[in-house]
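Subject: Structure handover

Hello,

The structure we spoke about is below. Please look through it before reading my notes.

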Amino acid sequence: MIGFGPISKLAKSGVLGMNSRNLDFIAAYNPRRFYPLVDDKVITKKLAIEAGVTVPELYGVIRYGGEMHLLEKIAEKHRSFVVKPANGSGGGGIMVFNGVAKTGLRRMNGQIMLWSDIRYHLNNMLSGMFSMGDGSDQVMIEERLVPHSAFSKLAFGGVPDVRVIVFRGIPVMAMLRLPTAESDGKANLHQGGIGAGIDLVTGVTTRGVQHNDSVDVHPDFETPVRDFQVPSWDEILELASRLGHHIGLGYVGVDIVICEHKGPTLLELNARPGIAIQTANLRGLRPLLVPIHKLPSVSEDVHERIEIAHANWNGESLERFLAPGEEMRRH
Ligand SMILES: Nc1ncnc2c1ncn2[C@@H]1O[C@H](COP(=O)(O)OP(=O)(O)O)[C@@H](O)[C@H]1O
Ligand SMILES: [Mg+2]
């Protein structure tokens with residue numbers, strides 16, 4: 001996946017390939033027993049609340065067909081919400097509704113989806129059609145997040161998010177993902193969304209890529225994608241660090257939406273985050289991971305972990321963060 005265009009010259013300078021990601025970092029730092037904690041979004045939500053992190057409110061869970069009537073009750077009460085498979089990935093099965101009609105629910109594009117079609121879709125979700133693993137699944141009904149107004153000229157028809165890679169509770173790299181008309185409201189890079197690298201210290205975007213080519217402006221608005229200050233940047237880093245530290249997964253992708261009403265809000269966690277974030281930042285992950293790997297222990301204090309993150313991003317030595325009597329690991 002790497003090795004094309006501008007990134008190819010980075011191949012020798014620390015770009016993390018899929019094999020190394022899997023072997024050195026995921027296998028070594030992510031015990032398998034933790035996977036369900038991030039693969040099941042209902043469990044992730046509970047953990048996030050424990051860690052003091054904001055999440056979209058869970059309105060209800062449908063576990064089998066007989067509970068389908070819950071949807072109509074919730075729709076009546078909340079009107080605007082999202083349905084998603086608890087073990088879903090890549091946006092599969094997710095539907096966003098923003099209104100209720102007699103005949104069904106209103107989707108973001110204004111169309112009404114009929115109750116019979118909705119029930120059919122939810123049954124497919126329950127059967128596991130959109131889910132990781134091979135069993136059945138649950139349907140979550142949750143609050144619809146509204147993108148921060150700063151994104152009005154940068155996100156087309158959907159919710160942008162910030163992906164932060166967190167290693168041992170320390171943020172190491174981040175990217176802003178912007179939906180485009182082409183990506184149909186999803187911020188997913190494979191769907192044609194834009195990935196913008198972010199300066200980890202300031203929260204300002206540095207460059208954009210779409211389909212692995214550099215882009216200077218958002219194609220739907222002509223708004224520049226670089227030099228954009230991501231709102232609430234310090235809070236975003238703190239959320240990512242707190243949660244990464246709390247869940248016991250060493251290497252994790254934390255996806256955060258900056259909601260107009262709730263501020264930085266956790267969307268989901270990923271135990272196998274993609275490596276395209278390196279293309280968006282034109283920077284390899286390996287040189288950022290190795291110094292953190294060499295720390296014999298990591299602070300319990302989130303503010304110290306953020307200081308480490310800043311120093312690491314600036315390429316400074318992490319020696320000053322050693323506890324008294326500690327030495328850097330050799331390997
Ligand atoms: N609560 C929500 N409010 C608004 N949009 C949402 C919400 N949950 C999901 N979405 C939309 O669906 C996409 C995928 O959701 P996510 O929870 O990350 O599931 P997946 O694991 O399938 O990627 C998000 O990037 C966003 O565009
Ligand atoms: Mg996602």
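The notes below cover the cavity, the ligand and one database entry.

The model is predicted: local features need pLDDT of at least 70, side-chain atom pairs count only at pLDDT 80 or more, and totals for chains, interfaces and linings use all residues. Residues are numbered from 1 along each chain as its sequence is written, chains are lettered from A and ligands numbered from 1 in the order written, and side-chain values use heavy atoms, without hydrogens and water.

Cavity. There is one cavity of 30 Å³ or more (a set of points on a 1 Å grid over the protein atoms alone where a 1.4 Å probe fits but cannot get out; lining residues have an atom within 4 Å of a point). The largest cavity holds about 70 Å³, the volume being the space filled by probe spheres set on the points, which are joined across faces, edges and corners. Its lining includes Lys41, Lys84 and Glu142. By class, five lining residues are nonpolar, one is polar and five are charged (Asp, Glu, Lys and Arg count as charged; Ala, Val, Leu, Ile, Met, Phe, Trp, Tyr, Cys and Pro as nonpolar; the others, Gly among them, as polar). The cavity lies between domain 1 (5–53 + 148–320) and domain 2 (58–143), because both give residues to the lining; the bounds come from an automatic or database domain assignment.

Ligand 1. Around ligand 1 are 15 residues, of which Lys41, Lys84, Gly91, Glu143 and Leu145 come nearest (a heavy atom within 4 Å). Polar contacts are pairs of N or O atoms within 3.5 Å. A side-chain N or O atom of Lys41 is 2.7 Å from an oxygen atom of ligand 1, and one of Lys84 is also 2.7 Å from a ligand oxygen. For Glu142, a polar side-chain atom lies 2.9 Å from a ligand nitrogen.

Regards

How values were computed. On a 1 Å grid over the protein atoms alone, a cavity is a set of points where a 1.4 Å probe fits but cannot get out, and a pocket is an open set with protein on both sides within 12 Å along at least five of seven lines; lining residues have an atom within 4 Å of a point. A polar contact is a pair of N or O atoms within 3.5 Å; within protein, one must be able to donate a hydrogen and the other to accept it, and residues adjacent in sequence count only if both atoms are side-chain atoms.
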